[in-house]
Amino acid sequence: MVSSHSTILYTKNLRKTFFTKDKKDVQAVKGVDLDVKKGQIFGFLGPNGAGKTTTLQMLTTLLTPTSGEAMVVNFDLKTQPQKIREHIGYVSQSGGADRTTNAIQDLILQAMLYGLNLDTAQKRAKDLIDRFELTEFADRIISSYSGGQRRRLDLALGVIHEPDIIFLDEPTTGLDPQSRARFWEEIRTIKDDGTTIFLTTHYLDEADSLCDYLAIVDHGKIVAKGTPTALKHKIGGESIIVAMKDDKELEKGKNLMEKQKFVEKIFVRENKLYLFVKEGEKLLADVLRLLDNEKIGLLTIELSKPSLDDVFLQETGRSLREGGEL
Ligand SMILES: Nc1ncnc2c1ncn2[C@@H]1O[C@H](COP(=O)(O)OP(=O)(O)OP(=O)(O)O)[C@@H](O)[C@H]1O
Ligand SMILES: [Mg+2]
């Protein structure tokens, strides 16, 4: 397998098909190629059912790929899964904390499972409790923690053996905005220690502001890859979003706009027309004039800078926002 020296994770044509009893095969992952660099926060962004968890479970040796190759921390997934397990951390979508104990005991136990002696395990547990500010509740039963507190403990559990790379499956789902922002800070501290982070998310803002590099996944396939800035840049122009009065006006507006040379791509979502253009500011007045000339009724018109949602929309024809479908 070809990979550059700063590559920590590499996959080639990775696939997973689930064979079910009723013989309806589910192709969850359909040929994924990834190249994750050491020290990155790598984001795997995609909607529900895209194949994120399945991919993560293959990379963490919990699921066997149907075909394809993968290298994780210089070890081959097929032949050296045990080696991989020693060098990675994994926090599952539902979290791994044992809810019947407390944070201190759970951290010590986890460290000892990784082969650390009691002294080192205790020391690491204490360090992590300080670092992730778990002190306040560390000796309380885990089932009493808030969602944010539990996610922070999950993260501490995931890094206690100082892995080279940690896999986080939707680490901030269900957290309020404040807890999410705080969690991002914790992730950045882990990155500053030199640990590579591979996380899945369906949050656009998380992908945009936290991740250094993204692979956008849909229906088991990568539809776009790049830094958040590069991906948005690729979209180029901006979009003019026109909300129409009703379906009839929407149809008329769409027909009219499809004829305009300056409209590079057009999408309809709910009662809105999305016009992808190069120079939105200049064209806003033209769009208004054109609609007005034809007496097409609109409710609002706005200009939008390219977002990751636009990237997804351009690649798939659907929106990632709130799981909205066209
Ligand atoms: N054990 C299984 N048997 C059959 N199908 C499965 C199995 N596990 C997952 N799938 C299917 O594979 C597809 C991908 O699922 P996966 O859990 O990887 O998606 P995801 O991107 O993690 O979604 P979410 O954002 O909801 O967590 C889905 O269609 C799912 O129903
Ligand atoms: Mg999942």
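Predicted model: local features only at pLDDT ≥ 70, side-chain atom pairs only at ≥ 80, totals over all residues.

**Exercise 1.** How many bridges join strand S4 to S5, and do the two run parallel or antiparallel?

Residues are numbered from 1 along each chain as its sequence is written, while chains are lettered from A and ligands numbered from 1 in the order in which they are written.

*Solution.* Start with S4, residues 67-72: 2 bridges tie it to S5, and the two run antiparallel. Strands (E, at least two residues) and helices (H or I, at least four) are DSSP runs, numbered from the N terminus. Strands pair if DSSP finds at least two bridges between them. Next, zoom in on Met71, whose bridge partner in S5 is Asp76. Now zoom out: the open sheet has 4 strands in the order S2-S1-S4-S5, with antiparallel pairing. S2 (26-37) and S5 (75-76) are the edge strands with a single partner each, so one side of each lacks a neighbour in the sheet.

**Exercise 2.** Find out how many residues of helix H1 are buried.

*Solution.* First, the cut-off: buried means 20 or more other C-beta atoms, placed from the backbone, within 10 Å of the residue's own; 12 or fewer means exposed, and in between is partly exposed. Then check H1 (residues 52-59): 7 of its 8 residues are buried, so the rest of the structure largely encloses this helix. Among them are Lys52, Leu56 and Met58. Finally, step just past H1 to Thr61, which has a positive phi of about 70°.
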